[in-house]
Amino acid sequence: MNRSVANFLIMYNFLFPKIDYSILHVFLMFFFIPMQMGCQPSLANNSIPLEEVEAKIVEWFKNTNLSWEEVDDKLETLGEQLVRQKGELSYANALLLHKRGVVYFKLRDYKTAIVFYQKALSLRKQLYVKTHHRELLPDIIRGHSNITGCYQYRKRPFEAIRSSQSAQAFINQYEPFEDIAKIVQQLQIYTARAYHSIGDLDNALNSYLAVRDIEIQKRYYDKDQKAIKMNTVRALTEVGGLLANELGQVNQGLLYLWEAEQILQNISKPNSDLLPELHHSLGVALMRKEDLVSAEWHLQQAIQLNQDLRRNRALVRNFNNLGIVQKLMKDYESAKQSLERARVIVIDSLQSREYLDLIYDNMGDVAYLQGNLRYSLVLDNKALTFFFPEFDPSRHTNPNLNQQLTNYRRGMEVSLSSLAATQSKLYNTPDSLKLALETYTLAIQLIDSIRQDFRPDASKESLVDRTKPIYEEAIELCWRLYDMTGEEQFLASAFNFSEGSRGIILYEAITNLHADFNLPEEIAASVRDLRLALHYHEGQLALALQSGNENAARIGELRSTVTAFRRQWDEMRDMLIHSYPAYNRYLSQATILGIEHIQNDLDVNTSVLEYFVGEHAIYAFVINKNERAAFYRWERPKELTVWVNDINHHIQNPTSEFFLPAYKLYELLFRPLENKLKERISLVPDDILGYISFDMLPLKMPDESPHINYLKFYQFETPYLISKYQINYQYSISLSQETHEGNSDYDLSFVGIAPEFSNSIQIHGIHLGALSGNKALVSNLAETYKPDALNLYENIKDSFTDNTGNCQILQLATHAVANDTSGELSFILLGPTSEDLLYAKELYGMSIPAELVILSSCQGAKGELNRGEGVISLARGFFYAGSQSVVPTLWSVKEDPTNQITGLFHRFLAKGMSKDEALRQAKLKFLDSITAANGEFAHPYFWASFIPIGNMKPLSAYQNKKSRDYLAGISFLSFMIIAWWFVRRRKRQYSLQNPN
């Protein structure tokens, strides 16, 4: 109620308490209410004053003689007049408050701008509730967008994301809209930048591309098509830079940048600030592509344009990256000049000092490369003072991560590693190298901290991949200290760095699955359902983007769905962490296992062999029980990648040409370690070694004859590693400990999956042959595991989750195809059509806590190589789903030998053997059964593809049976001993009683 009316009611009641209120009602109806009509929220009644207000605002904003402070004074004065005339709740007052927010945005007082934007937004929402005028909706969305932008500029990304989510919820509630395309585009750009600043690269990418989708789909009509295209160019420029510079997808990033360039060329008189940004992003992307000449040209174009526009902040970025390009071109003097120009602009022209850390870090790199190590040390320390305000380099100590840090942490780990590299090269005494090692340790602690803040896996994978060189530098320094002092602490540190660099994302995913056991069942079911939906839609989006067959509307819809599910997942995780302490404690318990802990869990016949493959060197760790661990280092051969590629190419033909590169790998990686290795090896490969089946590495070269008799070669004593060693594989030793946890109470002992492929088929352009023996295989295996066995032959995709959620052994006898460029899109074929594909990404959200999954199919262990995470494959997908161990194949295999080895494998499992022992014995039994008639089967192509990964314990059912048989044997033996003692005692008593 209006304040004047309220005051009149109070006064009337005081003066005439006994008068009938009906008289008052009549009086108000004919006197006060008409007086107050001008204050009611009606567009018709406010149209003239609102137009006058708009005209005044336009005039003031265009008047270049007025400062922004003077404009704000005029807006404030006019606002006071409007409140007196019409009350606070009017369209004109909401407009004035919004424009005051714009003024403070121009003044870069984002905190005050938010206050005015929020006041205007509140009034407009109240007006909409009262009037339901759709003309208000674009203004409400614009208010949300501006508030989001202010939070982003204030470096408050989480508030910006929450503001964006409120806006999106409003948009979803009131669609369809008109004339808001560019507003929604701007909102998505602000949102993308907020996600980008916290390292959430997945959601940043989706938000940027949503800007492009809005234009392509014509989802919201807007008459200002030029502005829409300009926003699209801005988003594509950001996307190209993000993909090329941070996600390592340089070619894809360049495609988006060239698309932006094409759009810009087709716009008459384009916005002048976009062209230099595009040149800058192209320069950085081409630098990543190592096209340094083109990169330098684009950056110089950006500098010229930004100098004309006097855009100092942009010039700092241009000169900084130009300095990096010139450094890579080894034009160190030009690099120093470019970096110095960037530094001078920051000091002379910018209020913020946020770029100085990067500039000093790059200047330090140039000094380091020129051999001026002392000056490099000074510059590196200067860079760190911007991250650590309390850090004093003169004390010759390291920064303290517990000190108050600046909000901007990205790049801090690079500055720390630069400092450590300089320290380790400048001084060569144990004490100085220990200080450098402490610096590397700080950098890696910081990487762990940043990674924990990241939510989607792609962001984490990008960080792990980008920072792996830091781990290599740290391990190299440990090697130097270990070689210099012989102290085991440096070996232990090197091993911890190696473990910390691999499989961390998978480790976290498995830890999350096990943490679900600490939740009430209803909550845990909701978590599983949400996780499954999220990963399913992420996979659908990735597939649509890769196929190129989906229309833009479908891609936009999927992108919006994925964003919504990710938001729900983040909210769910935050709620669980705060509401369930046991869940949170379990998550925080995930740690890297040290050497001593591993030795305690080892048996005397097992060795842990872990490799770390760096850009410059290869390192190996051998750990045995009750023995001192061993640490090895080799220079990385330039031919290493060629050797591995040749092995995989020639093994599948199959030809004898795989022997030479395979033997070279054996001589490099295995022969020097053999005196330390036990018969059983838990092997942790790294990088490109994840594509190798070590079983087939030859211990000797065969005869030079081009027609090798593989059967005869095998019949020599110990021709391959499999003849001498029992090898299983782990993503990391710390992860192997986590996969040992699992269910021991299963509804089904065995589930066999064998879809019918009576004829060859083609899926996504890939030819897949007929399978004739897969049904017979699973049928025979089911007989072994009766009565709790189930075979699926048809409509498998529909029932896959229901029937695999609680089985002990899952056998898939079907086709599978690896995707070397996007491992999460590797798939298993559960039927004859494209609708029957099960992607690795879908497995991430499922619950398949089987003790053993066997992929007697094609390429189950192959996939995309990520430097930190290893091979992103179908096998990895089953670990995401909670499986304890997986036996996949590394290449396409023939059906007959596959079925033979698989059948033998199950037979040995039933004897209570460990999984790796059972698989080795199955391969050896298969080889021993080969005769001269089928001698070609002795080629490793036919038997070496299977590799066992994960928990190698015997199956619990047979392990328990073995234990029961053992106890029964002990009991029987004990009984016999007691009976013998009793009989002997009776005989002795009898002899004493009857001496004759």
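In the predicted model, the count of salt bridges comes to 30. Side chains of opposite charge can pair when their charged atoms come close. Several of these contacts are described below, together with their positions in the fold.

Arg-193 pairs with Glu-238 in a salt bridge whose closest N and O atoms are 3.5 Å apart.

Because Arg-566 belongs to helix 25 (residues 552-579) and Glu-538 to helix 24 (residues 521-547), the pair ties together parts that are 28 residues apart in sequence. Arg-566 and Glu-538 are both buried. For the salt bridge between Arg-680 and Asp-916, the N to O distance is 2.7 Å. Arg-680 is located in strand 4 and Asp-916 in helix 37 (residues 915-928), so this pair ties together parts that are 236 residues apart in sequence. Arg-680 is buried, as is Asp-916. Through shared partners, salt bridges join Asp-202, Glu-538, Arg-566 and Lys-841 into one network.

Glu-69, Glu-70, Asp-73, Glu-76 and Glu-80 form a negative surface patch. Of these residues, Glu-69 is situated in helix 4 (residues 68-86), and its relative accessibility of 46% is the reason why Glu-69 counts as partly exposed.

One aromatic cluster is formed by Trp-479, Tyr-482, Phe-495, Phe-612, Tyr-619, Phe-621 and Phe-631.

Helix 28 (residues 640-651) contains Ile-647, which is buried, with a relative accessible area of 0%. The C-alpha atoms of Ile-647 and Pro-661 are separated by 6.3 Å, although these residues are 14 residues apart along the chain. The loop between helix 28 and helix 29 (659-670) holds Pro-654, and the peptide bond joining Asn-653 and Pro-654 is cis, with omega about -15 degrees.

Most residues other than glycine have a negative phi, and most peptide bonds are trans. A cis bond is found from Lys-786 to Pro-787, with omega near 5 degrees; Pro-787 is placed in the loop between helix 32 (774-784) and strand 9 (789-792). Positive phi values occur at Lys-155, near 60 degrees, and at Asn-795, near 50 degrees. Lys-155 occupies the loop between helix 7 (136-153) and helix 8 (157-174), and its relative accessibility of 44% makes Lys-155 partly exposed. Asn-795 is found in the loop between strand 9 and helix 33 (796-804). With a relative accessibility of 58%, Asn-795 counts as exposed.

Key. Residues are numbered from 1 along each chain as its sequence is written. This is a predicted model: local features need pLDDT of at least 70, side-chain atom pairs count only at pLDDT 80 or more; totals for chains, interfaces and linings use all residues. Side-chain values use heavy atoms; hydrogens and water are left out. Patches are made of residues with over 30% relative accessible area and no salt bridge: like charges are joined within 9 Å, nonpolar side chains (Val, Leu, Ile, Met, Phe, Trp, Tyr) within 5 Å. Accessible areas come from the Shrake-Rupley method with a 1.4 Å probe; for residues, only the protein chains shown count as cover. A salt bridge is a side-chain nitrogen of Lys or Arg within 4 Å of a carboxyl oxygen of Asp or Glu. Lys and Arg count as positive and Asp and Glu as negative; His and the chain ends are not counted. The place of a charge is taken as NZ of Lys, CZ of Arg, CG of Asp or CD of Glu. Helices (H or I, at least four residues) and strands (E, at least two) are DSSP runs, numbered from the N terminus. Buried means under 20% relative accessible area, exposed over 50%, partly exposed in between (1.4 Å probe, protein chains only). Rings of Phe, Tyr and Trp (its six-membered ring) pair if their centres lie within 6.5 Å; planes under 30 degrees apart count as stacked, over 60 as edge-to-face and the rest as tilted.
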